[in-house]
Amino acid sequence: MVAVILGSLAACSSPPLQSPSPTPGSPASTPVPAAPSVRSAQRWVAADWRDLPGWGSDDLLAAWPALLAGCQRPAPGWAEFCARAALQSPADPMEAAVLLMKHLRPWRLAADTGETTGLLTGYFEPQLAARRSRQGAFQWALHALPADPALRRTPRRDIDANPRFAALELAYVDDPFGLLQLQIQGSGRLAVRDAAGVERITRVAYAGHNDQPFQSVVRALLDRGEISDATPRTLAAWASRNPTRINDALAVNPRVVYFREEPLPDANIGPRGAQGVPLTPGRSVAVDRSVIALGTPLWLDSTEPLSTTPMRRLVMAQDTGSAIVGAVRADLFWGWGEEAALNASRTKQALRLWALLPQGVTP
C-alpha cells in the first residue's frame, strides 16, 4: 500500500517527497538540529513515510473529521495545509494518504534519553444520573469554579462545611465514586431528571481545580485490602457497606475539580479538549503540550486494549492533562458510554509516536 501511494506521488506534478529513503548500512532517519528551548529535553528525528508501521492500512477518511476539527484552531505553520484540507475533501483513504504525504513530513518522537517507546492510556466521558436539588441518594455535589482564589483552594474535606460553596452547587449525583471518576476524567454528562420526571442530558466541562495535590482514593482502598479491584461494582458495594466512611475515603484525595455546565444539542459530539475543539472518539489524544503543539496530527503505533493486535492509526493532539508528560506519551479518548469506559480502563500499553508537520516546518 505504501509503495502504491509513493508511486502515485511520483506521478504528481508537485515536487517529490523531501525525506530521503533509508539505504543499506545507513540510519533510517536523520537527527534534527537542536529544537527550541520548550522542547530541548526531547528528541525529534526526521523520518521517512516507510518508517511508520502500518502506514497505508488505516482508514484515513475516518480520521478526516478530527483533522478538520483541529484545523479550526490551527497551530503556527498550519494555515496553508488546513486551507487546502478544507477545500480538497479526499474521496477514499488512498487519496487522503496522498494528500498528507504531499504536504506533510513525519518526525519520530523520542524521550530525552533517546527512548522511542512510551505509554498509551485511555480516557472517556462518564455519564451520571443527577438531580438539581439534594434529595435521597443524590447527596454528592458538583461545584462551579469559585471566583475567589482563596476559596478555590479549599481542600475536599472542608468544602461541604463551608456555606460559601452552597451557591456554587451545579447538581447532585448519587454515586460518590462516579463523581470522583468524573473529576479525574475532567468532563462528563449528567442525566438530570427534573421534578416533572423529564430527563435531559447536559454536559459539564472542566473549569479548574483547587490547586491541591492528587492522591488516588482507589489505590488507598486497595492498599488497605478493603477492596479487591477498582471496578464500579466493587466500589459501589464498598460504599453501600460503609456509608459513614465515604467522606473520609474521598478526603484521601484533597484535589477537587470544578465544572461549568454546557448545553448538549447533539449527543454525538464529544466534549471540547484543551485545543478548544470537540474530541473525536478513537481519533483525539491528550499529549504533553510543552512537547507537541495542539492540533498536530500523530501516527500512533500501539496495540488494542488487552491484546497483541496492532492498533495503528492517525490521531490528533487535541487535549492535554497533568498526568500526560513527555514526548512519547498519549491518552486516547474513547468516547462515552459503557464500552468507552471499558476500553479506557483497559488501555495501558506500549506506544510509539510520529508527528506529522507541514513541509518546511521544523519542531
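Is Glu 115 buried, partly exposed or exposed? With a relative accessible area of 41%, Glu 115 counts as partly exposed. That residue gets its own close-up below, after a look at the whole chain.

**View 1. The whole protein, as a predicted model.** Start here to get your bearings. The 363 residues include 49% that are buried, and the protein has eleven helices and 15 strands. Of the contacts with a separation of 6 or more, 77% join residues 24 or more positions apart. The mean pLDDT comes out at 87, and 88% of the residues reach 70 or more. Go carefully with residues 4-41, where the pLDDT is below 50; this stretch has 56 contacts in the model beyond near neighbours in sequence.

**View 2. Glu 115, in the loop between strands S3 and S4.** Strand S3 covers residues 104-110 and strand S4 covers 118-125, with Glu 115 in the loop between them. The side chain of Glu 115 reaches the backbone nitrogen of Thr 117 at 3.0 Å. Leaving out neighbours within four places in sequence, Glu 115 is in contact with Ala 110 and Val 328. Now look for Arg 43: it sits 72 residues away along the chain, yet its C-alpha atom and that of Glu 115 are separated by 9.2 Å.

**View 3. The largest nonpolar core, with 53 residues.** Nonpolar side chains tend to be buried together in soluble globular proteins. In this core, the residues with the most contacts inside it are Trp 55, Leu 67, Leu 100, Leu 109 and Leu 298. Strand S15 (residues 348-358) gives the most to this core, namely six residues. Apart from it lies another core, this one of 25 residues, including Val 173, Ile 227, Leu 235 and Trp 238.

**View 4. Leu 109 and the residues it touches.** Setting aside residues up to four places away in sequence, Leu 109 touches Arg 43, Trp 44, Thr 116, Ile 292 and Leu 298, among others. Ala 327, Val 328, Leu 353 and Ala 355 are also among the residues touched by Leu 109.

**View 5. The disulfide between Cys 71 and Cys 82.** One disulfide turns up in a search of the whole structure, and here the two sulfur atoms are 2.1 Å apart. The torsion about the S-S bond is about -75°, so this disulfide is left-handed. Cys 71 sits in the loop between helix H2 (60-70) and helix H3 (79-87), while Cys 82 is in helix H3 itself, eleven residues apart from its partner. Cys 71 is buried, with a relative accessible area of 17%, and Cys 82 is buried too, at 8%.

**View 6. Asp 58, a buried residue in a loop.** You'll find Asp 58 between strand S2 (43-46) and H2. Its relative accessible area is 12%, under the 20% cut-off, so Asp 58 counts as buried. The side chains of Asp 58 and Arg 283 make a polar contact at 2.8 Å. Beyond four places in sequence, Asp 58 touches Pro 93, Arg 283, Trp 299, Arg 312, Arg 313 and Leu 314.

**View 7. Helix H4, residues 93-103.** At the start of H4, a side-chain oxygen of Asp 92 comes to within 3.1 Å of the backbone nitrogen of Met 94. Further along, the buried residues of H4 include Ala 96, Ala 97, Val 98, Leu 99, Leu 100, Met 101 and His 103.

Conventions. Residues numbered from 1 in each chain as written. Predicted model: local features only at pLDDT ≥ 70, side-chain atom pairs only at ≥ 80, totals over all residues. Heavy atoms only, no water. Core = buried A, V, L, I, M, F, W, Y, C linked by side-chain atoms within 4.5 Å. Buried < 20%, exposed > 50% of the residue type's maximum accessible area, 1.4 Å probe, protein only. Helix = DSSP H or I, 4+ residues; strand = E, 2+ residues; numbered from the N terminus. Contact = heavy atoms within 4.5 Å. Disulfide = S-S within 2.5 Å. Polar contact = N/O pair within 3.5 Å; in protein donor to acceptor, adjacent residues only side chain to side chain. pLDDT = per-residue confidence, 0-100.
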